[in-house]
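Hi,

Here is the structure I promised to pass on. Please load it first, then read the notes below it.

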Amino acid sequence: MSVYKHDYRPFAGKVTPRWMRIYVLSRYGAAEAWSSKITVGLFVLSLLPLVIFLIGIYLANNPLARALIVKGSSGAIDIDAGYFLKMLEFQSWLALILTAWIAPRLISFDLADNALPILLSHPVSRFGYVLGKFLAMFMFLSIVTWIPCLLLFAYQAYSSPLPWFAAHLSIAAGLFSGAILWITVLSILGLALSSWVKWRVVATGAIFAAVFVPAGVGAIMSAILRTRWGFLLNLPMMMSVLWQRMLGAHPIFAEKYALPTPAILAMLLASCVCFVAMLNARIRAREVVRG
Amino acid sequence: MGVIDLEGLEVRLGNRTVLNGLTGELRGKAIGLLGPNGAGKSSLINTLLGFYKPLRGRARVFGMDAYQQRAQIREAVGYMPENDSFIGNMSGVRFVRYMAELAGLSAAEALERAHEALFFVGLGEVRYRKISTYSLGMKQLIKLAQALAHGPKLLILDEPTNGLDPMARQRMIQLIKDIHKQGNVHLLISSHLLRDVDETCDEVLILKNGRIAALCNIEEERRSNRSFIELETVGATERFSVSVRGLGCECASFPGGRIKLVMPDHIEARDLYVIASEQGVQIRRMNQRRDSLEDIFLRAMENEAGSPAHVRL
């Protein structure tokens, strides 16, 4: 390394393509998140349920192993849409915990020391900056949601003695689209709230609050007004209904509480637009040094 | 093509006009941007970086439209903001490398140049320390290092000596002079300290209330005033004055042997000493008047806001 060159010299090499700057933002964001031992701990923790689901699939497809390990059990484990729905729900809520920890680390370091004027004085647009951070978050959450779920689906397809794969392809599609939808909402929500809260711990709390407080308010509204539309504020319930329909599993909630799918999708879209607007407003306000 | 071209540039933020009809061409290697608080210095810098869209007119940097081609401009520009602006949780070398990668360098080149830039600004020994542990002077230097790391064609320094003690200030000024001397990079230095601009710049743009109060080449101004000389003499002053007039100088004598004269281009100070020697006159003091930046700035500030925006002193 040429650290002996103490004179200024211009750069004459080739510059990287513009889209690479978004990758750079993602890479540094992810590295920053990974630098914490708590991130590693949470990540490992969020993969543990998958091991249990993996064992479940193994046992379901190996009667001998099932008989040896689960002594006295004669019932078979059904690997169906309900099984994968449980898996997706588990992983999705663990993804929420990961979001609450990681999202503030992606944004708040930049905001705490007013780094945005320097970051955005480089050839990176506001959109590029947000996209870079979003991709870092999205990749993280993908590793604990749809990627392992689909791997377990593939393992089930491989292990099943019956022609299982083609008949259950809709489960894979539901797993993929359901998880993508959820981690998109989570990523945007996490980044938007983190950009507005200066302290990381408070931002973590705000992310949980943004999911559960409106849910409580919605439940109260529904109870008082005797309507199901209050559940439109209940993100966990909306997502559960949506996942159940996407995977084709048995309904979880009574029909009178179930919201129509277009209403759920419209509500999620409206929430995302709102979070993007929050994010844009915050970053726009901090991108220049006011003099 | 100038480094920065302004063509009737008008920028509004909300209902406030922050830059009003700026027109001028900046060609200097080191351009000083002067003006009182709220004059529009930072707004001009933000406009040049493409953060603000002009309402009317346009600004060009190296011939590129500051708003339409802001990505290309930002690739060619290194920016050191006035206030604290860094990621405190990162080490110095990692931060500079990150910024260089964002400017378009590959990871390996960015790392190499980050080390070089940090050694160049004098932070080589502390490059692995977290920036949050740096002193104020070090934080200013790390901002300079990140602005330099990708080898920009134009370096924009916003109040580079802000908050520095005299020694750190001197070091920063010396660094800016070194960069200027290398000749590979143009400098735009915004400051409210006339001395900083005076020491480092060869062209100055003075803003007042969002308008150009003065745009001048400091070197030319100094050259134009080089021929004005004040003398303090002892001896036959009148005879000396007559001889000096004979050389073609405009000359006025004052009591106490004081003489003020304007020399034509072909006459040098040495000729005055020769005449003085021939006539037995002692020259006790010779002041070659130098129009200081302070004079230029004060004259610019005296202009009313309603006066023409583009004033050449």
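**Two loop residues**

A:N114 sits in the loop between helix 4 (81-112) and helix 5 (116-119) of chain A. The model is predicted. The phi of A:N114 is near 55°, a positive value in a residue other than glycine. Chain B has a case to look at too: B:E159, with phi near 50°, is likewise a residue other than glycine with a positive value. B:E159 is found in the loop between strand 7 (154-158) and helix 6 (166-182) of chain B. For context, most residues other than glycine have a negative phi.

**Chain A overall**

Chain A has 11 helices and zero strands. Read from the N terminus, its elements run α-α-α-α-α-α-α-α-α-α-α. The C-alpha trace of chain A spans about 80 × 55 × 30 Å along its principal axes.

**Helix 10 of chain A and its partners**

Start with helix 8 (residues 169-196) and helix 10 (residues 235-247) of chain A. They pack at an angle of about 155°, and their axes are 8 Å apart. The angle is over 145 degrees, so helix 8 of chain A is roughly antiparallel to helix 10 of chain A. Their crossing is right-handed. On the helix 8 side of chain A, the contact includes A:S170, A:I171, A:G174, A:L175 and A:W182. Helix 10 of chain A brings A:L235, A:M239, A:L242, A:W243, A:M246 and A:L247. By class, the residues of this contact of helix 8 with helix 10 of chain A are 11 nonpolar, four polar and no charged.

Next, helix 10 of chain A against helix 11 (residues 261-286) of chain A. The packing angle is about 130°, with the axes 10 Å apart. That makes helix 10 of chain A oblique to helix 11 of chain A. This crossing is left-handed. Helix 10 of chain A contributes A:L235, A:M238, A:M239, A:V241, A:L242 and A:R245. From helix 11 of chain A come A:T261, A:I264, A:L265, A:M267 and A:L268. The contact of helix 10 with helix 11 of chain A divides into nine nonpolar residues, one polar and one charged.

**Chain B**

The domain assignment of chain B gives domain 1 (4-221 + 295-302) and domain 2 (227-288). Taken over C-alpha atoms, the centres of domain 1 and domain 2 of chain B are separated by 45 Å.

The axes of helix 4 (residues 107-121) and helix 5 (residues 136-148) of chain B come within 9 Å and cross at roughly 135°. Helix 4 and helix 5 of chain B are therefore oblique to each other. Helix 4 of chain B passes helix 5 of chain B in a right-handed crossing. B:R113, B:A117, B:L118, B:F120 and B:V121 in helix 4 of chain B meet B:L141, B:I142, B:L144, B:A145 and B:L148 in helix 5 of chain B. That contact of helix 4 with helix 5 of chain B has nine nonpolar, no polar and one charged residues.

**Where the chains meet**

How many residues does the contact take from each chain? Chain A gives 41 residues and chain B gives 49 residues. About 4,300 Å² is buried between chain A and chain B, and carbon and sulfur atoms give 57% of that area. A:Y8, A:Y28 and A:I118 supply 20% of the area that chain A buries against chain B, more than any other three residues.

Best wishes

Technical notes: Residues are numbered from 1 along each chain as its sequence is written. Chains are lettered from A and ligands numbered from 1 in the order in which they are written. This is a predicted model: local features need pLDDT of at least 70, side-chain atom pairs count only at pLDDT 80 or more; totals for chains, interfaces and linings use all residues. Side-chain values use heavy atoms; hydrogens and water are left out. Axes are lines fitted to C-alpha atoms, for helices over the stretch in contact, and angles run from 0 to 180 degrees between N-to-C directions. Helices (H or I, at least four residues) and strands (E, at least two) are DSSP runs, numbered from the N terminus. Angles under 35 degrees count as roughly parallel, over 145 as roughly antiparallel, 65 to 115 as roughly perpendicular and the rest as oblique. A crossing is left-handed if the near helix is turned anticlockwise from the far one by less than a right angle, and right-handed if clockwise. Contact means heavy atoms within 4.5 Å. Ala, Val, Leu, Ile, Met, Phe, Trp, Tyr, Cys and Pro count as nonpolar, Asp, Glu, Lys and Arg as charged, and the others, Gly among them, as polar. Domain bounds come from an automatic or database domain assignment. Buried area is the accessible area (1.4 Å probe) that two parts lose on being put together, summed over both.
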